[in-house]
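Take a moment with the sequence and the model before reading on.

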Amino acid sequence: MRSLLKLLTDRRGATAIEYGLIAALIAVAAIGTMSTLGTKLKNTFSNVSNNMNAR
């Protein structure tokens, strides 16, 4: 009975899961941002290259 009560009051596992969820959320946000930024950079460099070739 004591071990069950001790297990129910232990918060270390919940804290680890919370940190994991926060890390996953940050990773998803970073991937989305980098993907959008990468597309915009590709378009910008393509425009610069096309304008340099046109002259």
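The report below goes from overall form to single residues.

## About the model

This is a predicted model, in which local features need pLDDT of at least 70, side-chain atom pairs count only at pLDDT 80 or more, and totals for chains, interfaces and linings use all residues. Residues are numbered from 1 along each chain as its sequence is written, and side-chain values use heavy atoms, with hydrogens and water left out.

## Overall form

The protein has two helices and zero strands; helices (H or I, at least four residues) and strands (E, at least two) are DSSP runs numbered from the N terminus. Its radius of gyration is 24 Å, well over the 10 Å that the globule rule gives for 55 residues, so the protein is more spread out than a compact globule. That radius is taken over C-alpha atoms, and the globule rule is 2.2 Å times the number of residues to the power 0.38. Along its principal axes, the C-alpha trace spans about 80 × 10 × 5 Å.

Of the 55 residues, 0% are buried (buried is under 20% relative accessible area, exposed over 50%, partly exposed in between, with a 1.4 Å probe and protein chains only). Accessible areas come from the Shrake-Rupley method with a 1.4 Å probe; for residues, only the protein chains shown count as cover.

## The annotated span and its patch

An unreviewed UniProt entry places a "transmembrane region" at residues 21-39. UniProt positions follow the numbering used here, feature names are shortened, and annotations may be inferred rather than shown by experiment. In the model, residues 21-39 are 100% helix and 0% strand, with end C-alpha atoms 27 Å apart.

Which residues form a nonpolar patch on the surface? They are Tyr 19, Ile 22 and Ile 26, with about 360 Å² of accessible area together. Tyr 19 lies in helix H2, residues 12-54, and is exposed at 60% relative accessible area.

## Residues along the chain

Thr 9 belongs to helix H1 and is exposed, because its relative accessible area is 55%. Its C-alpha atom is 39 Å from that of Thr 33, 24 residues away in sequence. Arg 11 sits in the loop between helix H1 (2-9) and H2, and its relative accessible area of 57% makes Arg 11 exposed. The C-alpha atoms of Arg 11 and Asn 43 are separated by 49 Å.

Ala 54 is in helix H2 and counts as exposed at 67% relative accessibility.

How values were computed. Patch = residues over 30% accessible without salt bridge, like charges linked within 9 Å, V, L, I, M, F, W, Y side chains within 5 Å. Salt bridge = Lys/Arg side-chain N within 4 Å of Asp/Glu carboxyl O.
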